[in-house]
Amino acid sequence: MRLSVHHEIPENEELRRGWNDLVLGMESPEVFYTYEWALALSHGYAASVRPLLVLGYDGGKLAGVASLTLDEQQHTLSFLAGNTADYCDFVSAPERRSEFVGLVLRKLQEFAPHLVLPNLPVASCTGWALKDLSGPQGSSHFARPAFRCGKVDLTVSEGRSHIKHATRTKKTIRQGMSAMARAGAVEIRHLSDWREISDSLPAFRDAHLQRFYSMGRTSNLAAPERWNFLLELAQLLSQQCSVAFSQLTLNQQPIAWAYGFRFHRSWFYYQPAFDSRFSQYNPGLCLLGRIVQDACDDLSVERVELGLGDEEYKHRFANAYSETTYVTLTTSLAHHVRGRLRFQAASAIKSMPALEHCVRRLLGRTITGAARA
């Protein structure tokens, strides 16, 4: 396999087709691995992210994709999508993953001594390849648990009709939908056309900004880079019929939204928002409930992915979980030891709630004192 290195995501139709064909042949194809995701990210975050794209070719045919970014100040390489994607991985056929990863690891040593790979699915064969190859490559390997991502598995023995009924009759959803119906006309639509989505996105952003502001927090949509990324991503994925922008309206006024995706048997619930002026109806929860119900009616959908985050409401829906790991490889033994010690210390503190509470209070006082100084 021959490697080709690029410092940008080329806008090339042949590359797009080959890249996405590889994604569809992976153990678990995800929209986060696609060409469109990488291209939208490289454009949206152009001012702060430097792509490093490694392509593997076999006889002129694309056989592997490693979409990374280089932090020159920290001398660290990471997944390009690490801060935006729920899952990240090297893209190749599973049977060629070890070969491709080995070649990429050797190549990456020319650029930086540290490789940080967040959100790597536990079920991916990449994890085993990284562990087996790190020693021969002269790197120290460390993997720790990262996230548990909730999902609604529609293939379970209970069946779709049971999941749909259980979702529709949840007390909060039943009461919210009934209250909205008494207040006026309720409509839920799942938009996939870019023109319709673009018309709805400003209200989605305003609601998200306002809700976080009311809580004394800053929405990530306040960052121009994040917003530009979401705009371009929706436009690109709409061309592939892979974006699903859900919207709940009351008397034709939008009050809840879910920016999501439909990709390879998954319906992904990525970024929600709701108008806090209508919070008495729990519109965000009602919209998610409807997404699950509509997914139950669509035999092409096998799961509803609820995304990163341990919010309580997700546990009300989830009947399964996917786990990810945070992997680091480094040629620096000192860097490797520090990473292990930090993780062990953090794990020890979390295992003792009283100690964790004291540490958090101490850190809070330290930060407050520094702010006053």
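This is a predicted model: local features need pLDDT of at least 70, side-chain atom pairs count only at pLDDT 80 or more; totals for chains, interfaces and linings use all residues.
At what angle do helix 6 (residues 171–183) and helix 9 (residues 283–297) pack? Residues are numbered from 1 along each chain as its sequence is written, and side-chain values use heavy atoms, with hydrogens and water left out.

**View 1. The packing of helix 6 against helix 9.** The two helices pack at about 110°, and their axes are 9 Å apart; axes are lines fitted to C-alpha atoms over the stretch in contact, and angles run from 0 to 180 degrees between N-to-C directions. Helix 6 and helix 9 are therefore roughly perpendicular (65 to 115 degrees). T172, I173, G176, M177 and M180 of helix 6 meet L285, C286 and G289 of helix 9. These residues divide into 5 nonpolar, 3 polar and no charged, with Gly counted as polar and Leu, Ile, Met and Cys among the nonpolar types.

View 2. L201 counts as buried because its relative accessibility is 1% (buried means under 20%, with a 1.4 Å probe and protein chains only). Beyond its neighbours within four places in sequence, L201 is in contact with W194, W227, L231, F245 and Y259 (heavy atoms within 4.5 Å).

**View 3. The protein chain as context.** The chain has 12 helices and 13 strands, which are DSSP runs (helices H or I, at least four residues; strands E, at least two) numbered from the N terminus. Of its 373 residues, 48% are buried.

Terms used. Buried means under 20% relative accessible area, exposed over 50%, partly exposed in between (1.4 Å probe, protein chains only). Angles under 35 degrees count as roughly parallel, over 145 as roughly antiparallel, 65 to 115 as roughly perpendicular and the rest as oblique.
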